[in-house]
Amino acid sequence: MRLMVTGGAGFIGSAVVRRAIDAGDTVLNVDKLTYAANLDNIASVADHPNYQFSQSDICDMPKMAQLITEFKPDCVMNLAAETHVDRSIDGPGAFIQTNIVGTYSLLEASREFCKSGNAPSGFRFHHISTDEVFGSLGPTGEFTEDSPYQPNSPYSAAKASSDMLARAWRETFGLDVIVTNCSNNYGPYQFPEKLIPVVIIAALEGRDIPIYGKGDNIRDWLYVEDHADALLLVARKGKSGETYNVGGRAERTNLELVKMICAVLDDELSDSPHRPHESLIKFVSDRPGHDHRYAINCDKIERELGWQPSVSVEEGMRQTVLWYLNNKEWWEAIRGKGFDVAKRQGLGQQKS
Ligand SMILES: NC(=O)c1ccc[n+]([C@@H]2O[C@H](COP(=O)([O-])OP(=O)(O)OC[C@H]3O[C@@H](n4cnc5c(N)ncnc54)[C@H](O)[C@@H]3O)[C@@H](O)[C@H]2O)c1
């Protein structure tokens, strides 16, 4: 498959790029290289003959049209996005621009490609989305593909908007569109502003481990490589016009998850002065509009495409902690570029 991946220098996109190259696909990675990107994430494939890179902004429609026309992909897989909920509270503008306008620009460039008659038969647009578009659940229930959209943060609202654009380009213009909605990912190469790397790095350094609210928010966790496998499978075999939920069947409260990470660190670092790492946990004021619970029902992708998560959250988290322990230079380099891993973002305007 000739695969144009947007956002391929980020966390999930780079996992997709690495796996696609391993699988023999030809990949064009299109990434603007924002603060969240890191070319080290794809260093292992950078010199591969099947790999190309273009530093471009998905909002630049003429550029997207040119790249698509020249590369002639079988699939455009759109992962490029602003992704950090806390940042979307501090500054929603970039989220509106990239997540909505950028998706529009790619959809239009793809539509023009199809109209030109030069698109390969079976050309498709695979839009990557999140379970956060469905809003927040109470103690029971799961999101299915038919759950109503009820986004609560600027991030999830912008993602929900882009999903609706993808749907409209299918219904109105007949573009072969597939959307996948995935739960929280974790694994190697995740930018150290997100919960898992924040916790690992704080614990390693003996700093407070911040947990929002009471730590009772529940997320469903999926190992990033399993998500990448699901995306490549959907791109190849998914049914046109469908949406697929992707999840790990691993619901945990934030507190449970942080304790799991601390236990791995206690095991691995038997002479650390910070043991037990759990003692570093500090509850901090909650994120405004913090969704309480997400849970994904992924029966459809399991039943129709035969995908299943291959790694349990306990095993995946152990591998992730070990990766951050063994790849200190990766996150030290990010810090070296001026990123403050201990800085809290997204307090926003507190509700009265
Ligand atoms: N991380 C998760 O848990 C999760 C879960 C479900 C869905 N998703 C979705 O998966 C996708 C990837 O998420 P991630 O966690 O890898 O994100 P990330 O923040 O790690 O990476 C995003 C990448 O997109 C690039 N990018 C941003 N704006 C761009 C633009 N205008 N033009 C071109 N490139 C641009 C960045 O440079 C970066 O490389 C996103 O669409 C996100 O909404 C993420």
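This is a predicted model: local features need pLDDT of at least 70, side-chain atom pairs count only at pLDDT 80 or more; totals for chains, interfaces and linings use all residues.
Okay, housekeeping: residues are numbered from 1 along each chain as its sequence is written. Local features need pLDDT of at least 70, side-chain atom pairs count only at pLDDT 80 or more, totals for chains, interfaces and linings use all residues, and side-chain values use heavy atoms, with hydrogens and water left out.

So, Arg18. You'll find Arg18 in helix α1, residues 11–22 (a helix being a DSSP run of H or I, at least four residues, numbered from the N terminus). Arg18 is buried, at 11% relative accessible area; buried is under 20%, exposed over 50%, partly exposed in between, with a 1.4 Å probe and protein chains only. And what does the side chain of Arg18 reach at 3.0 Å? That's the backbone oxygen of Asn41. Skipping neighbours within four places in sequence, Arg18 is in contact (heavy atoms within 4.5 Å) with Asn41, Ser44, Val45, Tyr189 and Glu225.

Now the cysteines. Cys114 is partly exposed, at 35% relative accessible area. Cys298, on the other hand, is buried at 0%.

Last up, the cavity lining: residues around the largest cavity include Glu132, Arg219, Arg287 and Asp291. A cavity here is a set of points, on a 1 Å grid over the protein atoms alone, where a 1.4 Å probe fits but cannot get out, and lining residues have an atom within 4 Å of a point.

Methods:
Helices (H or I, at least four residues) and strands (E, at least two) are DSSP runs, numbered from the N terminus. A polar contact is a pair of N or O atoms within 3.5 Å; within protein, one must be able to donate a hydrogen and the other to accept it, and residues adjacent in sequence count only if both atoms are side-chain atoms. On a 1 Å grid over the protein atoms alone, a cavity is a set of points where a 1.4 Å probe fits but cannot get out, and a pocket is an open set with protein on both sides within 12 Å along at least five of seven lines; lining residues have an atom within 4 Å of a point.
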